[in-house]
Amino acid sequence: MVAVPFLDVRAGYLELQQELDDAYQRVMSSGWYILGQEVKKFEQEFAEFCGAGYCIGVGNGLEALHLILRGFGIGPGDEVIVPANTYIASWLAVSYAGAKPVPVEPDETHNINVAEVVAAITPNTKAIMAVHLYGQVADMDALRIIAKDHGLKLIEDAAQAHGARYKGKRAGALGDAAGFSFYPGKNLGAYGDAGAIVTDDAELAAKIQQLRNYGSEVKYHNKIKGFNSRLDELQAALLRVKLRKLDVWNERRKAIAKQYIASLQKLPLSLPAVPAWSDPVWHLFVVCSPQRQHLQKALSAHGIETLIHYPYAPHEQTAYTEFSHFLGALPVTERLRNEVLSLPMGPHLPAAAVNQVISVCQMALQECSTA
């Protein structure tokens with residue numbers, strides 16, 4: 001039995017070792033480690049990749065979302081509509097800005113349910129934050145119409161969607177601004193924390209460039225009360241190397257997802273719903289099963305690592321006890337966190353490992369159906 005890790009992040013380094021080592025040496029020998037040419041070039045290249053006008057490198061994905069909200073002047077007394085079914089960082093960004101997250105249930109794609117967004121809008125609503133969960137873009141055209149009709153900003157949490165497309169257009173260029181995370185496990189991952197904001201809004205880009213750097217454009221001249229959230233030169237140089245490989249690696253993920261779907265579709269298992277307009281990049285491959293515990297235990301017994309994204313919804317966390325009145329009021333979200341299971345997925349997952357995952361899933365779920 002060969003162990004199958006959920007994601008082998010080291011394999012990406014091994015594939016690009018010489019290029020990454022060269023980039024490391026280039027930065028270390030330059031003597032310039034903060035806001036230099038590597039960051040500037042990465043910002044240009046990633047903006048072009050996304051099809052947007054501007055990219056601003058920041059410390060991580062949470063800070064990217066937070067600074068977008070700050071840049072738009074969203075703060076105390078304001079509300080931001082967020083998915084109920086998401087990682088807590090989406091909510092935390094709203095809280096950091098001093099605003100209030102307003103949760104909306106997911107649809108069959110596990111992304112925000114557009115049909116329920118309008119009912120969540122109040123006079124205090126200032127923005128809609130769409131999370132492209134698992135690497136699949138939310139229904140942005142429908143959300144854009146709602147945002148326009150109500151005078152709201154439309155923000156993408158694209159932390160899991162590097163390279164994903166919606167009707168042919170990449171994530172990052174679908175709303176007023178997008179926040180990306182380059183956490184090591186992402187489709188485009190750094191070797192530490194890193195993030196970026198992408199937008200076509202020149203005024204917002206200029207504001208965020210100040211906000212990320214103590215509110216300063218020129219050293220010691222602080223125009224506004226800012227923060228310290230800067231993508232460093234080393235991470236930018238390494239990301240530039242990996243960005244050139246991103247589309248190839250995403251195609252590998254798509255091939256694995258296609259094999260999973262073809263081989264598991266006849267099992268008592270809910271597979272990812274992919275609308276015709278969607279071209280996901282499969283950051284995660286998430287299935288749903290009322291027999292999740294049995295399935296996960298069987299996979300583990302065969303050396304296959306799986307994860308649960310996410311075992312608790314934000315409104316169930318101690319950090320958000322003020323949302324305890326939502327307990328039981330978000331049934332779709334609460335059902336999903338009891339049933340979701342993320343299977344191994346990544347651009348370096350061997351074919352034999354994929355077959356092993358499929359075989360064990362078939363065996364385990366057939367046991368359930370005959371029990």
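Predicted model: local features only at pLDDT ≥ 70, side-chain atom pairs only at ≥ 80, totals over all residues.
Strands here are DSSP runs of E with at least two residues, numbered from the N terminus.

**View 1. D193 sits in a loop between two strands.** Look for strand β8 (177-181) and strand β9 (195-199): D193 belongs to the loop that links them. Is D193 buried or exposed? D193 has a relative accessible area of 53%, and because exposed means over 50%, D193 counts as exposed. Along the chain, D193 and N60 are 133 residues apart, yet their C-alpha atoms are separated by 5.5 Å.

View 2. Take M28 as your guide here: M28 is found in helix α2, which spans residues 17-30. The relative accessibility of M28 is 37%, so M28 is partly exposed, a label for values between the 20% and 50% cut-offs.

**View 3. A cavity is lined by nine residues, listed here by name.** How many cavities of 30 Å³ or more does a search of the whole structure find? The search finds one. The largest cavity holds about 40 Å³ of space. To trace its lining, start with A84, N85 and T86, then move on to Y310, Y312, A313 and P314, and finish with T333 and R337. Sorted by class, this lining has five nonpolar residues, three polar ones and one charged one.

Technical notes: Residues numbered from 1 in each chain as written. Heavy atoms only, no water. Helix = DSSP H or I, 4+ residues; strand = E, 2+ residues; numbered from the N terminus. Buried < 20%, exposed > 50% of the residue type's maximum accessible area, 1.4 Å probe, protein only. 1 Å grid on protein atoms, 1.4 Å probe; cavity = no way out; pocket = protein on both sides within 12 Å on 5 of 7 lines; lining within 4 Å. Points joined across faces, edges and corners; volume = space filled by probe spheres on them. Nonpolar A, V, L, I, M, F, W, Y, C, P; charged D, E, K, R; others polar.
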